[in-house]
Amino acid sequence: MHRTTVKVADGALDANQTIAEANRADFDRASVSVVNLMSAPGAGKTRLLERALERAEGNRVGVLEGDVRGSLDADRLSLLHVPVVQINTDPAFGGECHLDANMVRSAIPDLPLDEIDLLVIENVGNLVCPAEFRVGEHRRWMISSVAEGEDKPLKYPLMFRSCELVVVNKIDLLPHVDFSVERFLANLERVNPEAETILTSARTGEGIDAWRERLLGPAAAGRPAGASA
Ligand SMILES: Nc1nc2c(ncn2[C@@H]2O[C@H](COP(=O)(O)OP(=O)(O)O)[C@@H](O)[C@H]2O)c(=O)[nH]1
Ligand SMILES: [Mg+2]
């Protein structure tokens, strides 16, 4: 019985990978670069996107919003006049705690791929499941806020290891929380020595220019050679 269960789980991830590759091919055909943005709930994904996109003139960006329920974040981002498509994992997909490749595939017909060069997928807030499911993205980025604690890279290594950029957000709160940036970076180094980091406060604006440049600048436009779907 055990072996059967394991096979089913493997099969599910294999099927996800196949669909992720089909999504990736669609994005490549349309020359759209795709970022999968992940974090725990409330780390600041939507707020950082708002800060980047409020000065995104000339950039053709779209957002795919993943939430268990509702369209609060999609409504916020729509105010910035970027095309936003909402995926709710509840009820259509059983209230999943992550986006998977099939959910993203179901949204592709609604995405104006001809009108955008960059698609940001705001994943469902969770530090575990989104790391396991590729959705066809070119880049995997995450946000970790100082309020979450400096030990998180050690507790959720798959997430931190699978991302090439870790944004450390809410640094305006540093005087109020027990969080050493130095210790956090050392913990991150232990699980992902290659990770790039940017320190931001979406509240004060510190680091936001660097974040916007990373998201919208030339480095974001090209796709890393050989990155897997
Ligand atoms: N103090 C502070 N609050 C922030 C910062 N970034 C986001 N927030 C707040 O944290 C809460 C969650 O942010 P949100 O962007 O919705 O997080 P998401 O769930 O990751 O999309 C909101 O109340 C934001 O205003 C920050 O840099 N500093
Ligand atoms: Mg959000």
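Reader: Which is His 81, buried or exposed?

Author: This is a predicted model, in which local features need pLDDT of at least 70 and side-chain atom pairs count only at pLDDT 80 or more, while totals for chains, interfaces and linings use all residues. Residues are numbered from 1 along each chain as its sequence is written, and chains are lettered from A and ligands numbered from 1 in the order in which they are written. A residue is buried if 20 or more other C-beta atoms, placed from the backbone, lie within 10 Å of its own, exposed if 12 or fewer, and partly exposed in between. With 9 other C-beta atoms within 10 Å, His 81 is exposed.

Reader: Where is His 81 placed?

Author: Helices (H or I, at least four residues) and strands (E, at least two) are DSSP runs, numbered from the N terminus. Phi of His 81 has a positive value, near 60°, although the residue is not glycine. Its place is in the loop between helix H3 (72-78) and strand S3 (84-88).

Reader: What is the phi of Ser 31 near?

Author: Ser 31 lies in the loop between H1 and strand S1 (33-39). Because 12 other C-beta atoms lie within 10 Å, Ser 31 is exposed. Its phi is positive in a residue other than glycine, near 55°.

Reader: Which helix gives the largest share of the shell around ligand 1?

Author: A residue counts as near the ligand if its C-beta atom, placed from the backbone, lies within 6 Å of it. Of the 17 residues around ligand 1, those that come nearest are Gly 44, Lys 45, Thr 46, Arg 47 and Ala 202. By class, the shell has four nonpolar (Ala, Val, Leu, Ile, Met, Phe, Trp, Tyr, Cys and Pro), six charged (Asp, Glu, Lys and Arg) and seven polar residues (the others, Gly among them). The largest share, three residues, comes from helix H2.

Reader: How many of the nine residues of H2 are buried?

Author: Among the buried residues of H2 are Lys 45 and Thr 46. Leu 48, Leu 49, Arg 51, Ala 52 and Leu 53 are buried in H2 too. H2 is largely enclosed by the rest of the structure, because the buried residues number seven.

Reader: At what angle do H2 and helix H8 pack?

Author: Axes are lines fitted to C-alpha atoms, for helices over the stretch in contact, and angles run from 0 to 180 degrees between N-to-C directions. The axes of H2 and H8 are 9 Å apart, and the two helices are therefore roughly perpendicular, a class that covers 65 to 115 degrees. The contact (C-beta atoms, placed from the backbone, within 7 Å) joins Leu 48, Arg 51 and Ala 52 of H2 to Ile 208, Trp 211, Arg 212, Leu 215 and Leu 216 of H8. The packing angle is about 85°.

Reader: Within what arc do the buried residues of H8 fall?

Author: In H8, the buried residues are Trp 211, Arg 212, Leu 215 and Leu 216. The arc is that of the directions from the helix axis to the C-beta atoms. The buried residues line one face of H8, because seen down its axis they fall within 110°.

Reader: Which exposed residues does the other face of H7 carry, the one turned away from its buried side?

Author: Phe 184, Asn 187 and Leu 188 are buried in helix H7 (residues 181-191). They are on the same side of H7, because they cover an arc of only 100° around the axis. Their cover includes helix H5 (152-155), helix H6 (157-161) and strand S6 (165-169). The face turned away carries Glu 182, Arg 183, Ala 186 and Arg 190.

Key:
Contact = placed C-beta atoms within 7 Å. Parallel < 35°, antiparallel > 145°, perpendicular 65-115°, else oblique.
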